[in-house]
Amino acid sequence: MKTQGLCICHERKIIIVDLLKLPEWADSSEYVRKEGEKEILRHEILHAFFAECGLWGSSLSVCAWALNEEMVDWFAVNAPKIYRAYQEAGAM
Ligand SMILES: [Zn+2]
């Protein structure tokens, strides 16, 4: 996913672009844009989690895995499914 959000970890701040202002989202329905914003937010929250738990800095010595965009996207896309699976399995 192209970065459309920003996690400013040292300030504990997340900024998300207004998807309505991006040409590639202009023809999307409000529902689709909201779902896109939620996915971007989950992506940035995961960056924040990595930063808060100390993995952000630690990742620099092992190929920056916690900064890897594909891995963070994987979590952002799959986190709701993982959460539901945890609930259905009684793991929450
Ligand atoms: Zn990212």
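Which element supplies the largest share of the nonpolar patch? The answer is α1, with three residues.

This is a predicted model, in which local features need pLDDT of at least 70 and side-chain atom pairs count only at pLDDT 80 or more, while totals for chains, interfaces and linings use all residues. Residues are numbered from 1 along each chain as its sequence is written, and side-chain values use heavy atoms, with hydrogens and water left out.

**Nonpolar patch.** The surface patch consists of Ile14, Ile16, Leu41, Ile45 and Phe49, which together have about 390 Å² of accessible area. Areas come from the Shrake-Rupley method with a 1.4 Å probe, and for residues only the protein chains shown count as cover. At least two residues each come from β2 (13-16) and α1 (30-52). Helices (H or I, at least four residues) and strands (E, at least two) are DSSP runs, numbered from the N terminus. Ile14 sits in strand β2.

**Zinc site.** The zinc ion has as protein donors His43 (NE2), His47 (NE2) and Glu69 (OE), at 2.0 to 2.4 Å. Donors are N, O and S atoms within 2.8 Å of the metal (3.2 Å for Na, K and Ca); water is not among the atoms, so sites may look incomplete. The spacing along the chain is H-x3-H-x21-E. His43 belongs to helix α1 and Glu69 to helix α3 (residues 69-88), so this pair ties together parts 26 residues apart in sequence.

**Accessibility.** Buried means under 20% relative accessible area, exposed over 50%, and partly exposed in between (1.4 Å probe, protein chains only).

| Residue | Relative accessible area | Class |
|---|---|---|
| Ile14 | 31% | partly exposed |
| His43 | 3% | buried |
| Glu69 | 31% | partly exposed |

Definitions and conventions: Patch = residues over 30% accessible without salt bridge, like charges linked within 9 Å, V, L, I, M, F, W, Y side chains within 5 Å. Salt bridge = Lys/Arg side-chain N within 4 Å of Asp/Glu carboxyl O.
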